[in-house]
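Here are my notes from going through this one with the model open. Have the structure up beside you as you read.

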Amino acid sequence: KIYVLRIGHRPERDKRITTHVGLTARAFGAKGFILAPCDEKILEKLKSVERRWGRFLEIIECTNSPLGYVRRWKKEGGKVVHLTMYGMKVDDAIDEIKKSNPQRLLIIVGAEKVPWEYYEHADWNVSVGNQPHSEVAALAVFLDRLFEGKELYREPEGAQIKILPSRRGKEVVDAAEESRGTEEGTL
Ligand code: SAM
């Protein structure tokens, strides 16, 4: 079970990128998204995507004490990854993570300067290259390497609409109609 904790969100300037962190967590295989500090608008946006495109996330919530959240996570036996350009190489970290096979993994991504405590609490401080780039890029690459690409075409529960892969053009179908059709076909 993999959750993503986005810390240091600045409601006045990070709305779009934080939404993208949440969408990336969802599309690339995470089961939970936790935002700090709280910004209800972002949670509502993610919930509306889940309603329309289907359920991947079991938790969409926020906290105003993210360090407390991390401490509780660890107390309950969970492991922590912190994505930072200063960390160990992503492939080395993923080898270790797979060997230790944690039941619960919290992935922390920052916005601006990340307080030192997070580096200390992390079981793995992980870099996706040693150049500065973006929390969205770092999260996508990390999750894709962790799941070896298998997360990309999972089918969510309860989608209203669904895309049919197409070489050219846009093919979107009513997912509810489609599943009713399949049920009828199997009777
Ligand atoms: N200067 C900040 C710091 O002290 O960590 C980095 C800010 S960066 C715009 C925002 C976030 O993107 C970071 O907190 C980290 O989670 C992620 N990030 C950026 N580049 C990264 C890299 N090369 N590897 C892993 N994560 C990265």
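1. Where is the place of Asp91? Asp91 belongs to helix H4, which covers residues 90-100. Keep in mind that this is a predicted model. Asp91 counts as exposed because 9 other C-beta atoms lie within 10 Å, and a residue with 12 or fewer is put in that class.

2. Staying in helix H4, have a look at Ile97. Is Ile97 buried, partly exposed or exposed? With 18 other C-beta atoms within 10 Å, Ile97 comes out as partly exposed, since the buried class takes 20 or more. Beyond its neighbours within four places in sequence, Ile97 has contacts with Pro102 and Trp124. Its C-alpha atom is 20 Å from that of Arg6, a residue 91 places away along the chain.

3. Now the strands. Strand S1 (residues 2-6) is largely enclosed by the rest of the structure, because four of its five residues are buried. S1 runs parallel to strand S5 (residues 105-109), and five bridges join the two. In that pairing, Ile2 stands opposite Leu105. S1 also pairs with strand S2 (residues 32-35), again in the parallel sense, over four bridges; there Tyr3 has Gly32 as its bridge partner. To get from S1 to S2 the chain passes through helix H1 (residues 15-27), making a right-handed β-α-β crossover.

4. What about the core? The largest nonpolar core holds 40 residues, and Val4, Leu83, Ile107, Ile108, Leu139 and Phe142 have the most contacts inside it. In soluble globular proteins, nonpolar side chains tend to be buried together.

5. A few backbone spots deserve a look. Most residues other than glycine have a negative phi, and most peptide bonds are trans. Which peptide bond is cis, with omega near -10 degrees? That is the one from Ala36 to Pro37, and Pro37 sits in the loop between S2 and helix H2 (40-53).

6. On the phi side, Asn101 has a positive value, near 45 degrees. Asn101 is placed in the loop between H4 and S5 and is exposed, with 8 other C-beta atoms within 10 Å. Glu148 also has a positive phi, near 55 degrees. Glu148 falls in the loop between H6 and strand S7 (161-164), and its 9 other C-beta atoms within 10 Å make it exposed.

Key:
Residues are numbered from 1 along each chain as its sequence is written. This is a predicted model: local features need pLDDT of at least 70, side-chain atom pairs count only at pLDDT 80 or more; totals for chains, interfaces and linings use all residues. A nonpolar core is a set of buried Ala, Val, Leu, Ile, Met, Phe, Trp, Tyr and Cys residues joined through C-beta atoms within 7 Å. Two strands pair if DSSP finds at least two bridges between them. A crossover is right-handed if, with the strands pointing away from the viewer, the path from the first strand over the helix to the second runs clockwise. Two residues are in contact if their C-beta atoms, placed from the backbone, lie within 7 Å.
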